[in-house]
Amino acid sequence: MEPRQQDERPVESAAPEIRPDGELMRRASRECGVSLGACYGCKKCSNGCPLSFAMDLHPYQVVRLAQLGQIGELKRARTIWVCASCQTCLTRCPNQVDLPRFMDWLKQELAMEGGPVPEEKTLLFHRIFLREVASRGRVFEGSLMGRYMLATGGAFGPEAMKNARLGLAMFRRGRLKLMPSRIRDRRWLRALFAKPAHGQREARP
Amino acid sequence: MTEVGYYPGCSLEASARDYAESIEGVAGLLGLKLVEVEDWNCCGASAGHSLDHAKSVNLAGRNLALAARGPQPLVVPCALCFNRLKTAQAELAQDRSELVAEVAGLAGDPQQVQVRELNGFLTSAEMIEAMESRRKRSLTGLKLVCYYGCQGQRPPKITGHPQYENPTGMDRLLDRLGATVIDWPAKTDCCGASHSVPRPDLVFTLVGRLYDEASRRGAEAIVTGCQMCQANLDLYQVEIAAAQGRPVDLPVFYLTELAGLALGHPQAGRWLGRHMVDPRPLLARLGLTS
């Protein structure tokens, strides 16, 4: 049989060189309790992911890059911010690799580092939401949206106007609350938010 | 009156007031007294688990500690709050030392709380029986699909849901209340949830798929048991339809609104008037206005 005419370079040569490093897997296991090594690459996570259409890395690629220790590439990925935490991947994973938890861990790392991320608005929305929680213990939608709009193009930008129209329509239907409510135990709240973000589990003896 | 614990969550105080009113209405008709958790706080939601794991466990954990002193089960209408409370309970059970300093000082034991999602609570065999026996009118002619979303079902090791890929509670209840319930494969697909503010385009794509699937199967309305799903499906429907160049007219009910309607609650019409996609023309056509 005649050999097929084709480019003889192996496919891999186009890919950047990767030096596998197991440290990220060990850190993930230690700090967020996720066993990335359990993945055997069946890709069920990616077939079921409703948001894969908007991702730059498929869910299985996140796991594979993590196994290889490529934290830089993972931190640049949109995928971790596009994930809606719908839990379909974890639910269907035969090895119960908690990918949503691992991606939360990456997001928290990035938020603590304070550098740029590919989905700035999503990070900003989360931050403003937590500031709302910190100030009253409950979220007041009016102030949440107001703070977010001011931070993203001002109170009269096109996005803000669209949201203002929606807000007005909701107000007419009695779906906007005018005064925020707050919890009484402010001392507890202050003590909690006085701590730095410390969710990453530390190494234990 | 039977007392149950109740954790409403932040949005039921505001944008989901219609949901809160219908829950209270139906509970009253069923002889249930909802005892709100004293001084409850936000569960931390998506922002909490995305950016600060320990605070999200502590925020949800405080609610559990407070709820432990109240009646059980603790009924939670918001699917995300439910999920965060259950997650915190699991985290606190295995790791009390470092995550829980803030919660440990509170009076109650988080592990004593029986956290129930409102949907599951209202669609137990006994509740379905109770509602059918109190039915004042049949929802005849109402062609519906039931949309369950993510957080009440997944992941099953946290939610404990026995039918996480194909839940049937709302289907069974609405069938017994006389509606025509249509089976469909998108019951537990994601609506995009918290992306609605920073990335509405993602929500539009996901919700657009739900509209397509519901319409293709002949549904004239969608029923949800989660106020985030309801908001994403109801608030932007006109915009999504315009963006995708096709008409969509699918009222999005809460389970409790339809239960209230079937049970003859006098305020049912008022709750329905708070929706963006007005369901009253459809109900009027079917002779179901209250």
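User: Which residues does Val223(B) touch, not counting residues up to four places away in sequence?

Analyst: Happy to start there, keeping in mind that this is a predicted model. Val223(B) is among the residues of the largest nonpolar core that touch the most other members. Leaving out residues up to four places away in sequence, Val223(B) touches Leu144(B), Cys146(B), Tyr147(B), Met170(B), Leu174(B), Phe253(B), Leu255(B) and Leu258(B).

User: How many residues are in the largest nonpolar core?

Analyst: In soluble globular proteins, nonpolar side chains tend to be buried together. Here the members that touch the most others are Val76(B), Leu144(B), Leu174(B), Val207(B), Ile222(B), Val223(B) and Leu258(B). The core they belong to has 142 residues.

User: What is the strand order in the open sheet of four strands in chain B?

Analyst: Chain B has 16 helices and eight strands. In this sheet the pairing is parallel, and strands S2 (32-36) and S4 (115-117) of chain B are the edge strands, each pairing on one side only. Neighbouring strands are turned by 40° against each other on average, direction ignored. The order is S2-S1-S3-S4.

User: Which residue stands opposite Gly5(B) in S3(B)?

Analyst: Strand S1 (residues 2-6) and strand S3 (residues 74-76) of chain B pair in the parallel sense over two bridges. Across this pair, the residue opposite Gly5(B) is Leu74(B).

User: What angle does the direction of helix H4 of chain B make with that of S4(B)?

Analyst: Helix H4 (residues 79-94) of chain B packs on the sheet, where it touches S3 and S4 of chain B. Its direction and that of S4(B) make an angle of about 155°.

User: Which element gives the most to the side of chain A that touches chain B?

Analyst: The contact involves 47 residues of chain A and 46 residues of chain B. Elements giving two or more residues to the chain A side include helix H7 (99-113), helix H8 (120-136) and helix H10 (158-172) of chain A. That side divides into 24 nonpolar, twelve polar and eleven charged residues. With eight residues, the element that gives the most is H8(A).

Terms used:
Residues numbered from 1 in each chain as written. Chains lettered and ligands numbered in written order. Predicted model: local features only at pLDDT ≥ 70, side-chain atom pairs only at ≥ 80, totals over all residues. Pairing = 2+ DSSP bridges. Axes fitted to C-alpha atoms, helices over the stretch in contact; angles between N-to-C directions. Contact = placed C-beta atoms within 7 Å. Nonpolar A, V, L, I, M, F, W, Y, C, P; charged D, E, K, R; others polar. Core = buried A, V, L, I, M, F, W, Y, C linked by C-beta atoms within 7 Å. Buried ≥ 20, exposed ≤ 12 C-beta atoms within 10 Å, placed from the backbone.
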